Amino acid sequence: MTKKPKMPSLIASNKKARHEYFIEESFEAGLELLGWEVKSIRAGKMRITESYVIFRDGEAFLFGAHIQPLLSASTHIVADPLRTRKLLLHRREIDKLFGMVNQKGHTCVALKVYWSHGRVKCEIALAKGKKLHDKRATLKERDYQREKQRGLKNLI
């Protein structure tokens, strides 16, 4: 009996989101995908750097995620790489996110997309925008921690 090769779990991440926003709470959501999209994701053709979550008719959708179509997988259909994809969440999670997003300064962004038990999952987060001075403070703190770790490494 042969084992299937394990797929890498992380598909795409949004590193820019942690720089641009204060992450308050994160949620795991499923993604409703078409066949050609799953094949492209397996080939590593997904980007979520500019994506965010929008709410319409009591449902959540991932907007701005780019899945580049494979030429071999999407020959018989017209593939839209920036299609708005439905997020699969529980009703109380959607209601909580919708209520918080309606407050001033809050938004919902995608942090990463990964495989979980053969399914594509998206980690979305409730976030609040950072001001320029907050971004500078974050960078200073990160540099300080890095220098502190280097100093401790040299002592050992």
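1. The largest pocket has a volume of about 160 Å³. The model is predicted, and the pocket is a computed feature of it.

2. Ten names make up the lining. They are G30, L31, L33, V38, L88, W115, G118, R119, V120 and K121.

3. Strand 9 gives the most, with three residues.

4. Now the overall fold. The chain has four helices and nine strands. Their order along the sequence is β-α-β-α-β-β-β-β-β-α-β-β-α. Along the principal axes, the C-alpha atoms fill a box of roughly 60 × 45 × 30 Å.

5. Two figures describe the packing of the chain. Of its 156 residues, 34% are buried. Among contacts with a separation of 6 or more, 69% join residues 24 or more positions apart.

6. Strand 4 (residues 52-56) and strand 5 (residues 59-63) run antiparallel and pair over five bridges. Across this pairing, I54 stands opposite F61 in strand 5. The two strands form a hairpin with two residues between them. D57 sits in the turn and has a positive phi of about 55 degrees.

7. Strand 5 also pairs with strand 7, again in the antiparallel sense, over three bridges. Here L62 has R85 in strand 7 as its bridge partner.

8. Is R85 buried or exposed? R85 counts as buried because its relative accessible area is 0%, and the cut-off for buried is under 20%.

9. What lies 3.1 Å from a polar atom of the R85 side chain? The backbone oxygen of P81 does. That distance falls within the 3.5 Å limit for a polar contact.

10. Leaving aside residues up to four places away in sequence, R85 touches L31, E32, L33, E37, A60, F61, L62, A65, I67 and D80. Several of these names have come up above. L62 is the bridge partner of R85. F61 stands across from I54. L31 and L33 are among the residues lining the largest pocket.

Terms used:
Residues numbered from 1 in each chain as written. Predicted model: local features only at pLDDT ≥ 70, side-chain atom pairs only at ≥ 80, totals over all residues. Heavy atoms only, no water. Buried < 20%, exposed > 50% of the residue type's maximum accessible area, 1.4 Å probe, protein only. Polar contact = N/O pair within 3.5 Å; in protein donor to acceptor, adjacent residues only side chain to side chain. Contact = heavy atoms within 4.5 Å. 1 Å grid on protein atoms, 1.4 Å probe; cavity = no way out; pocket = protein on both sides within 12 Å on 5 of 7 lines; lining within 4 Å. Points joined across faces, edges and corners; volume = space filled by probe spheres on them. Pairing = 2+ DSSP bridges.
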